[in-house]
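Subject: Structure handover

Hello,

Here is the structure you are taking over. Please open it alongside this message, and then read the notes below.

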Amino acid sequence: KPNILFFLIDGLREDKCHGNKKTSVTPHIDSLIQNGVYFNQTICSAPVTSTASSSLFTGLHASEAVILNNEIFTINQKRKNYVEHLKEIGYTTYAFLPESIDLWQYGGIFEENVYKYAYTDTVFNGNGKLIVEKLKENSLREPWFYYLHLYDLYVCSVFEIDDGGSKELNNKKYGNNKYDRILSAMDVWIGKILDNVDLSNTLVILTADHATERGDYDSKLEEYASYCQKIRTSWEPNPVSKSIASVKKIPKILQPMKTYMSKSYSRHRRRVVKDRIRPEIEKIENEDLSPYYKRLKKSAASNILGTFDDRFLIPLCFSGFGITSKHIISDQVRSIDIFPTIMDIIDSTDIQNVRGRSLLPYLEGKKMNEAPVLIESISTSPKSNTTNSIGIRTSQHKYFRDRNKSTKNVHLYDLIKDPLEERNLADELPDVVEKMENMVNEIQSQKSFGYEKVNELN
């Protein structure tokens, strides 16, 4: 069987890999696309890493793939995942993950051969060398599955990080905004990684867990996002941070006290952040801005998570082993289809009772009927700042509403005429709303979207 190299770039938007909005310089990503099959309308299941990745690894809708564990959504270990399946069919699995993944427990599905790095580490300030050295050692036991979760786009967009001497980060030649320049810097190391892989015997996948609004920020919004980040966090004194660190060291026997203190602090923090950011949201509401720019500015201020394409439209490329055709496919596909497709390419059986389907016919130049995507604004916790939405996306329409009440917060957009999702047509097209709501109900009739709850997370 072929080896599998899986690039997951956290927060990578599709329109930053291909098309007229791309300003980054990425010859190596371009080469993967040009020599493989690229899907430019791939939709993920959820807007954040924990739930989106849980869905990806299980081939299930986001709410089916997670479990509510002490107010944190983690991958549901009772659901079979594709890493387990790859091990069963003879693969040795390897993973390169940010330490924060431990919180959501999907790093635990690898169990062994896992390298965890600090959030401040990027491919251009050290991680790239570590990955290349691992490949040069030729120590990966074949057939192998090597999962690289690269956190650079998020962490460098939000924090001041060591640039590792990268020339791309501060030169507008490599991108119109910070996000695009970070991607240019990453591409250099993606090329070095690929140089140490036998592409004739390695299937390469390039995708993301979710997208992010930050990819569309101009310089003013980048400054504003940084300003609001300070508003949200500057009130937290060091003594509080130190006390939280002390709480983490509390023995297991005192777990109830630890849980109580943690929940108490979280509630307090949510109240403070909401109060501090409210004046900014009120000012934005009164500004004369386009609906799209106003939505971007609100996201910069409050980090509220919804179900717009800014968070859901991700890239997907298959290249290397088994990919004989070279073309770009504009039909809508889903992130839950990725692993079923891998199983088909490597000529292996799939996991039973998953929601995803193989895209192999597309890779062979054939057509497939479109499958609607269930989209959910599930974050890392029910307490997170989200619109609490659920909906359906097709290649023509996006529909979503309140998760618990079908007549609340109803939105409908024509994605062909209005790709920025600026004009809500829910009142104008009630027949389409009804049709889309029936799709939601049909999926829910197959599996109730209530969360299983446990108290196992320390």
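A pocket here is an open set of grid points where a 1.4 Å probe fits, with protein on both sides within 12 Å along at least five of seven lines. The model is a predicted one, and its second largest pocket holds about 400 Å³ of space. This pocket is lined by 19 residues, and Asp-15, Asp-309, Leu-313, Arg-393 and Pro-419 are the closest to its centre. By type, the lining divides into 9 charged, 7 nonpolar and 3 polar residues.

Next, the nonpolar cores. The largest has 50 residues, of which Leu-5, Phe-7, Phe-124, Tyr-146 and Leu-148 touch the most other members. Helix H8 (residues 178–195) gives the largest share of this core, with 9 residues. A second, separate core has 42 residues, including Leu-97, Trp-104, Ile-109 and Ile-351.

What does Tyr-146 contact, leaving aside its neighbours within four places in sequence? Its partners are Ile-4, Leu-5, Phe-6, Tyr-94, Ala-95, Phe-96, Ile-131, Lys-134, Leu-135 and Leu-140.

Last, a residue in a loop. Gly-215 sits between strand E8 (202–207) and helix H9 (219–233). Is Gly-215 buried or exposed? Gly-215 counts as buried because its relative accessibility is 0%, and the cut-off for buried is under 20%. Gly-215 and Asp-310 are 95 residues apart along the chain, and 8.5 Å separates their C-alpha atoms.

Regards

Technical notes
Residues are numbered from 1 along each chain as its sequence is written. This is a predicted model: local features need pLDDT of at least 70, side-chain atom pairs count only at pLDDT 80 or more; totals for chains, interfaces and linings use all residues. Side-chain values use heavy atoms; hydrogens and water are left out. A nonpolar core is a set of buried Ala, Val, Leu, Ile, Met, Phe, Trp, Tyr and Cys residues joined through side-chain atoms within 4.5 Å. Buried means under 20% relative accessible area, exposed over 50%, partly exposed in between (1.4 Å probe, protein chains only). Helices (H or I, at least four residues) and strands (E, at least two) are DSSP runs, numbered from the N terminus. Contact means heavy atoms within 4.5 Å. On a 1 Å grid over the protein atoms alone, a cavity is a set of points where a 1.4 Å probe fits but cannot get out, and a pocket is an open set with protein on both sides within 12 Å along at least five of seven lines; lining residues have an atom within 4 Å of a point. Grid points are joined across faces, edges and corners, and a volume is the space filled by probe spheres set on the points. Ala, Val, Leu, Ile, Met, Phe, Trp, Tyr, Cys and Pro count as nonpolar, Asp, Glu, Lys and Arg as charged, and the others, Gly among them, as polar.
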